[in-house]
Amino acid sequence: MHLTPTERADASRPAAPAQLSDATEAITPQTNTNLSAKPLVVIEPRAAQFDINLRDLWSYHELFYFLTWRDVKVRYKQTLLGVLWAILQPLMMMLIFALFFGKLVGVPSDGIPYPLFAFAGLLPWTFFSTAVNTSGNSLVNNANLITKVYFPRLIVPIASIGAGLIDFAISFAVLGGLMVYYRVHLTWGILLLPLLVLLQATLALGVGVLTSALNIKYRDIRHALPFLIQVWFFASPIIYPASMMPERWRWRWLLGLNPMTGIIEGFRVALFGHKEFDWVLIATSAVTTLALLAYALVTFRRMEKGFADII
Amino acid sequence: MRPIIKASAIGKEYRIGVRSTSQGSLREALAGAVRAPLRWARRRGEGDSAGAFWALKDVGFEIQPGEAIGIIGRNGAGKSTLLKILSRITEPTEGRIELYGRIASLLEVGTGFHPELTGRENIFLNGAILGMKRAEIARKFDEIVAFAEIEKFIDTPVKRYSSGMYVRLAFAVAAHLEPEILIVDEVLAVGDVAFQKKCLGQMSSVAQQGRTVLLVSHNMAAIKWMCSRALLLHQGRLVEEGSPAQVVNSYLWAGRNNRAEASWDDLSDAPGNEVFRLRGVRVRNAAGDVTSELTAQESFSIEVDYQNFSPVVSLGATVVLYNEEGVCVFSSLSNRETQWHGRVFPAGVFRSTCRVPGHLLPEGRFSVTG
């Protein structure tokens, strides 16, 4: 048989009416709590908004530190060689390129010993490619965080760049060793090095931020990224010198549209002082990098509010 | 006192079936075509028919500092969406929320735990993710480890932890958050019974410290025990708010009829079979009025009308009474009835009455089946 009537022993409980927002609440100056008078946070639908909330970003700087630390720590967990891999990767690549392009093909190297020449190019490149690859996938790989906790989403791709910089610093020691071995004399140009490192980090950040955001919506990025990086490798003067393009060619500055050209060339000059800095090339690289970063940040901000919904 | 959370008319719309593209962007269309050429082409042909779905609509409330609010509702009522909006994980489509305090949300235990890292490392990482400062975590570190009862394994990677150890550690970190507003989504049910009690105790002491707690749970006992007020969501709308006991009651009874009488005029629709069918069931109070509301003191009766179509031996009526947890309180058989028991029932309409004395049942809601 089927059910029916129902009884309530307690008759004296009318259901409270649903309360919608009411505009008539009295705002009395209250005393006993230390809550701020203005809302700490206002949540409402955001129209297209292109500002970066730097204060918000800064208040999470410890999270940036921990995410970077996690990425570095996790990358070499349960490996025998550990952080040595950060050194071995560019070193092995250098040996292979030195053998094939330096010895067999005889690619010119601006008068620098080819192994040194290649390594000085591979160092910023290895940083760039790992940083872009990890930060491009960082948001998707941290989907569990994105859907469960609030923090400025930009922290995630930025932290991947930070982890890349630590690897970069480690492998820089090897470059130092090589330079001692080949008896390279330092010039004042070395002072420009920090600026170039900053530029390469900014470039990696721009590409990483853009691809990480697009990756959430279009997972094609995950598959396209390694290919893109491969093409970019050959388009940059890593295993060949930019001087293979005629120095006096009037459109030469166009090479700066690939910011890695200016960065890598600048790197070599800063380290070896074998020629003058190509300021036009470096400036073009810097401008391109900044434009890319600006575009990336705008795109990121535009897509950010949908991250948790579509990831 | 001024509210710590002020939400007005918040709504969240999801599009279903259709990708939420901003129309007309070449790059997006192109990327769409690359991703799924067939789907893209087909959609082109059909034209977009956007299906909008409001996970939340017109929800507004105010919460005072120090309140513990329980949010209840069925799956899909919008509870989690509300918490996600409050904790700024996703944006509302409309409406406005003002928060006058630091907020931390705990929508899952162990968010951001990394299996390769040790317990110690994960405490710091997880704490930072939940919004704690490093110094704060360091200060509470020993307390957290003791709470989780994993002292011996603190330097073991958590991938080697048992699942119980894992959730205990995760909850221990979260339990030591000290925000002004704490948002918790159904995460209390971790660990064994003893640990669950510890968690509940911790949560309610958080509430007693004057912090504001918003809690989503399907554990009605926990809601009644911990919360000072409850909100009931149904299909994205706030349908009731009030004392936890009252709101929990209406939630448990939502969708069930609260009728004193059910009758079937059309016999072909009535419950039963070819031998007999129910015609009606009703509840009468002591005075004989049909009513669904009675006091616990008064006696009442339950009448069952039924029709049998051919003579049968010993037709009997059974009434089963359930309390609001769905537990059977009693069932009544008609086999002690003297007038008809054991006799042949001729075809016709019969009425069986079950009389329930006063003071038998506690206060509460009950339902009857036959």
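**Figure 1. Helix H9 of chain A.** Helix H9(A) covers residues 259-272, 14 residues in total. In this predicted model, its first and last C-alpha atoms are 20 Å apart, close to the 20 Å expected at 1.5 Å a residue. H9(A) is mostly covered, with 14 of its 14 residues buried. Gly273(A) follows the helix. The phi of Gly273(A) is positive, near 55°.

**Figure 2. Overall make-up of chain A.** Chain A holds eleven helices and two strands. Chain A has 311 residues, and 39% of them count as buried. Take the contacts in chain A between residues at least 6 apart in sequence: 81% of these join residues at least 24 apart.

**Figure 3. Ala143 of chain A.** Ala143(A) sits in helix H5 of chain A, which spans residues 143-146. Ala143(A) has 13 C-beta neighbours inside 10 Å, so Ala143(A) counts as partly exposed. For that class the count must lie between the two cut-offs: 20 or more is buried, 12 or fewer is exposed.

**Figure 4. Helix H3 of chain B.** Helix H3(B) runs over residues 79-86. H3(B) is mostly covered: seven of its eight residues are buried. The buried residues are Lys79(B), Thr81(B), Leu82(B), Leu83(B), Lys84(B), Ile85(B) and Leu86(B). After H3(B) comes Arg88(B), with a positive phi near 65°.

**Figure 5. The two domains of chain B.** Domain 1 of chain B is made of 5-9 + 59-253. Domain 2 of chain B takes in 261-369. The C-alpha centres of domain 1 and domain 2 of chain B are 46 Å apart.

**Figure 6. A four-stranded open sheet in chain B.** The strand order is E10-E11-E12-E17 (chain B), and the pairing is antiparallel. Strand E10 (261-263) and strand E17 (348-356) of chain B are the edge strands, each pairing on one side only. Direction ignored, neighbouring strands of this sheet are turned by 20° against each other on average.

**Figure 7. The pairing of E12 and E17 in chain B.** Strand E12 of chain B comprises residues 300-308. E12(B) and E17(B) pair in the antiparallel sense over nine bridges. Opposite Val304(B) stands Ser352(B), a residue in E17(B).

Conventions: Residues numbered from 1 in each chain as written. Chains lettered and ligands numbered in written order. Predicted model: local features only at pLDDT ≥ 70, side-chain atom pairs only at ≥ 80, totals over all residues. Contact = placed C-beta atoms within 7 Å. Expected span 1.5 Å × (residues − 1). Domains from an automatic or database assignment. Pairing = 2+ DSSP bridges. Axes fitted to C-alpha atoms, helices over the stretch in contact; angles between N-to-C directions.
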